[in-house]
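I set down each item as I looked it up.

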Amino acid sequence: MNKKPFKVSNKIIWLSSILLGALTSVPKIAEHHFNPYEAIVNAVVTSAFAIFIWYYNIITVPAYSSKDVASGFSITRLIKSLAVGIVVMFILACVQQFLLSHLSFGPTMLMIEIRGILMNLTFYMFLHLLYQSYQNQQVGIELERTKADNLGAQYELLKQQVNPHFLFNSLNTLKYMVESGDAHTVEFILKLSDFYRFTLESRKQDLIKLSEELEILNAYVFLLKARFEEGIDLSIDIDEAHHPSLLPPFTLQLLVENCIKHNIVSLEHPLHIRVYSEKDFIVVENKLQLKRTPEASMGMGLENINQRYIHLLDKKIEIHASETLFMIKLPLIYEHHHR
């Protein structure tokens, strides 16, 4: 997302600087022997310094980042700003002395330097308050965007979980099993019930344990095998040490569903799918045997999973494709990462 850049209106900078210059000339105007030329030079020098300090502090404000939000007030930037201001004010004091040679340089320079330091501190603190307000606004915008994206991802995930085609096919399979007196009919009903119970229980959770996700996957695959029989072959080889790790609910089920959606599944051409662990990843891999006319898809499945990983772990899933294999690598999420 493109963030709105931090800036201060040029009109505010110039008008405030000119006004400040005019205010510093008020004591000169109140003097008994008023010298207009001296008042004008004094006002111009003050205004020029004010304009410089405005732009210098704005330019040196760092680019927005969550790290800078956490760091808060920067003493280093303030010291640098004061040091630069002292040097610039000394140069302007020399210019003023050249234009007003009748003034004593020592007291005049000291007065100008003190004035410059006070102006620099005031402008820096004011800009710091503005910048903090800007940072808080950016954090709020990011939180709202994350919330909106997460809600959208959850809604899309729910739509895919409660897939009417899958339910329709499962009920047709159940009808066939009942009519043919299949001995696995009761088990099929229980697995179908388990699958939709998992759907209702997990849809509001951001993460579930890998062991629970494998239960969902096993229930889903049982329903698939009742429909496709030996046309689908799923092997799971995940180290038990990874079972306590976390992942977004229904991630593996969606990836297997994605394999079926895009590939031929038949007794003549069984679809081979592997789910296994590899270092800090869970890998879902299938042999490519693409359909000539793939099922209609909104292309949201992989993007949905990817967005959830970005929000939860600030990492992307890895997608690898060759002429014969399609592979998705899911980064493992542990409890301390989630916190």
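This is a predicted model: local features need pLDDT of at least 70, side-chain atom pairs count only at pLDDT 80 or more; totals for chains, interfaces and linings use all residues.

Entry 1. Residues are numbered from 1 along each chain as its sequence is written, and side-chain values use heavy atoms, with hydrogens and water left out.

I take helices (H or I, at least four residues) and strands (E, at least two) as DSSP runs, numbered from the N terminus. H8 covers residues 185-202 and H9 residues 210-228; they pack at an angle of about 140 degrees, with axes 9 Å apart. That angle makes H8 oblique to H9. The classes I use are roughly parallel under 35 degrees, roughly antiparallel over 145, roughly perpendicular from 65 to 115, and oblique for the rest. The axes are lines fitted to C-alpha atoms, for helices over the stretch in contact, and the angles run from 0 to 180 degrees between N-to-C directions.

I then listed the contact (heavy atoms within 4.5 Å). On the H8 side I found residues including Phe-188, Leu-192, Phe-195 and Phe-198, and on the H9 side residues including Ile-216, Ala-219, Tyr-220 and Leu-223. The residues of this contact divide into ten nonpolar, one polar and three charged. I count Ala, Val, Leu, Ile, Met, Phe, Trp, Tyr, Cys and Pro as nonpolar, Asp, Glu, Lys and Arg as charged, and the others, Gly among them, as polar.

**Entry 2. Helices H9 and H10.** I looked up the axes of H9 and H10 (residues 251-262), which come within 8 Å and cross at roughly 30 degrees. H9 and H10 are therefore roughly parallel to each other. Among the H9 residues in this contact are Leu-210, Leu-214, Leu-217 and Phe-228, and H10 contributes residues including Leu-252, Val-256 and Ile-260. By class, I record ten nonpolar, two polar and two charged residues for H9 with H10.

**Entry 3. Salt bridges.** I find four salt bridges in the structure, each a side-chain nitrogen of Lys or Arg within 4 Å of a carboxyl oxygen of Asp or Glu. Glu-179 and Lys-175 form one, at 2.9 Å from N to O. They stand four residues apart in H7 (residues 164-180), and so are separated by about one helical turn. For burial I use under 20% relative accessible area as buried, over 50% as exposed and in between as partly exposed (1.4 Å probe, protein chains only). Glu-179 is exposed at 57%, whereas Lys-175 is partly exposed at 47%.

Asp-194 pairs with Arg-197, with the closest N and O atoms 3.4 Å apart. Both lie in H8, three residues apart, about one helical turn.

Arg-274 and Glu-285 meet at 3.5 Å, N to O. Arg-274 lies in S4 (residues 271-278) and Glu-285 in S5 (residues 281-287), so the pair ties together parts eleven residues apart in sequence. Arg-274 is partly exposed at 38%, whereas Glu-285 is buried at 11%.

**Entry 4. Asn-304.** I located Asn-304 in H11 (residues 301-313). At 3% relative accessibility, Asn-304 is buried. Its C-alpha atom is 9.4 Å from that of Asn-150, 154 residues apart along the chain.
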